[in-house]
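Please read them with the structure open beside you.

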Amino acid sequence: VSSSWNVGIINGLSGWTVSVDDVPADTIARRFRYDVALVSTLKDLEEDIMEGLREKGLDDSTCTSGFTVVVKESCDGMGDVSEKHGGGPAVPEKAVRFSFTVMSITVQAEGEEEAVTIFQEQKPNSELSCRPLCLMFVDESDHEMLTAILGPVVAERKAMKESRLILSIGGLLRSFRFYFRGTGYDEKMVREMEGLEASGSTYICTLCDSTRAEASQNMVLHSITRSHEENLERYEIWRTNPFSESADELRDRVKGVSAKPFMETQPTLDALHCDIGNATEFYKIFQDEIGEMYQKNNPPREERRRWRSILDKQLRNKLKLKPVMRMNGNYARRLMTHEAVKVVCELVPSEERRKALTELMELYLQMKPVWRSTCPARDCPDQLCRYSFNSQRFAELLSTTFKYRYEGKITNYLHKTLAHVP
């Protein structure tokens with residue numbers, strides 16, 4: 001990297017001179033050049049790197065090459081950022097941020113077998129270790145716009161994958177190579193980046209090829225099969241239709257990959273949305289149990305509304321939990337507790353159903369720490385060991401006692417929680 005690496009902030013559309021609709025091009029995005037941002041980050045970590053070398057007893061004058069940096073990439077929409085009262089330029093009211101975090105740095109000293117970790121980010125999910133790379137006024141659903149702006153970022157990242165960075169750290173030139181792991185995406189963004197259909201699709205999973213019906217029949221036994229390379233191959237099949245199949249046959253062959261995968265993501269489960277998705281599901285089960293849904297078929301809407309208001313009233317009175325329009329993280333955390341299931345059970349007429357509901361929550365609370373933790377083997381080894389067993393029992397309850405809800409359908413996150421966390 002040249003000595004003038006402080007390029008600073010550049011126009012996010014650098015390389016794209018075309019005008020974008022009626023929005024002034026220079027207001028649409030701001031970004032750092034990716035390599036520059038990484039250099040600046042490594043410079044920030046210079047002391048930590050030197051400290052790490054000393055701690056591991058490595059002679060820093062011999063460690064000039066063999067450094068490996070693992071980078072976590074994240075991208076998410078930022079909702080409503082509209083100007084409340086202003087006469088600024090007309091820009092979309094939504095924004096998207098693409099950022100990265102340096103997760104670890106290892107070095108393989110010459111003649112050594114093992115690489116040694118000299119830096120490990122202690123709080124990888126903290127905003128303090130997250131470095132914004134690109135900020136854009138774009139709606140995350142506007143695929144064309146998003147790909148246009150992130151195009152140069154993807155190109156820079158691809159170039160860096162193949163090459164080495166030589167940088168002066170601690171007064172000596174050292175050579176670094178980078179591994180990029182796109183794990184900071186929610187399901188919506190993963191589907192968009194990987195060319196999958198939207199989340200209401202029959203192909204419910206970003207990790208395996210299961211359909212909704214299959215996932216509700218076989219709740220726990222699925223392995224992770226999707227990958228970026230495979231998605232690219234499937235897109236080619238979708239585009240060329242080499243076997244001249246009908247639309248339905250073709251779609252079944254490519255398992256819902258119907259757009260060109262744009263950026264590689266790593267298969268993960270997004271813990272916050274997992275919490276939210278599952279809490280929404282439990283909230284609905286609570287309503288159905290209050291109304292003894294398992295005995296009825298197709299009760300009128302008014303009746304369901306009544307169950308809901310009974311539930312909301314009970315939660316507000318007993319737990320001070322105000323109803324929300326859309327489930328959020330805080331509500332989800334407070335709903336998924338022993339206390340909550342206890343007050344809901346006060347409204348459930350049958351003893352047998354109360355037991356089942358309590359057991360369901362019990363199992364869930366056993367499972368939750370595992371996908372919540374950064375390092376489950378260290379933080380909750382017991383729950384980790386019992387996860388498969390718990391998830392099987394959980395699935396068994398859903399397919400027997402709560403069959404009325406899971407006959408032929410299951411939500412995306414419930415499927416991931418049961419099938420992919422283990």
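Predicted model: local features only at pLDDT ≥ 70, side-chain atom pairs only at ≥ 80, totals over all residues.

1. The largest pocket holds about 1400 Å³ of space. Of the 38 residues that line this pocket, Lys72, Asn125, Thr183, Gly184 and Asp270 are the closest to its centre.

2. At least two lining residues of the largest pocket come from each of strand E3 (67-80), strand E4 (94-107), strand E8 (172-185), H9 and H13, and E3 gives the most, with seven residues. By class, this lining has 17 nonpolar, 13 polar and eight charged residues.

3. Because domain 1 (9-184) and domain 3 (271-420) both give residues to the lining, the largest pocket lies between them.

4. The second largest pocket has a volume of about 960 Å³, and of the 30 residues that line it, His273, Ile276, Gly277, Arg326 and Tyr413 are the closest to its centre. Its lining has eight nonpolar, nine polar and 13 charged residues, with H9 giving the most, seven residues. The second largest pocket also lies between domain 1 (9-184) and domain 3 (271-420), because both give residues to its lining.

5. Helix H17 (residues 412-419) is largely enclosed by the rest of the structure, because eight of its eight residues are buried; among them are Tyr413, His415 and Lys416. The cover over these buried residues includes helix H5 (187-193), helix H6 (212-217), helix H9 (271-290) and helix H13 (351-372). H17 is also one of the elements that each supply at least two residues of the lining of the second largest pocket.

Methods
Residues numbered from 1 in each chain as written. Heavy atoms only, no water. Buried < 20%, exposed > 50% of the residue type's maximum accessible area, 1.4 Å probe, protein only. Helix = DSSP H or I, 4+ residues; strand = E, 2+ residues; numbered from the N terminus. Contact = heavy atoms within 4.5 Å. 1 Å grid on protein atoms, 1.4 Å probe; cavity = no way out; pocket = protein on both sides within 12 Å on 5 of 7 lines; lining within 4 Å. Points joined across faces, edges and corners; volume = space filled by probe spheres on them. Nonpolar A, V, L, I, M, F, W, Y, C, P; charged D, E, K, R; others polar. Domains from an automatic or database assignment.
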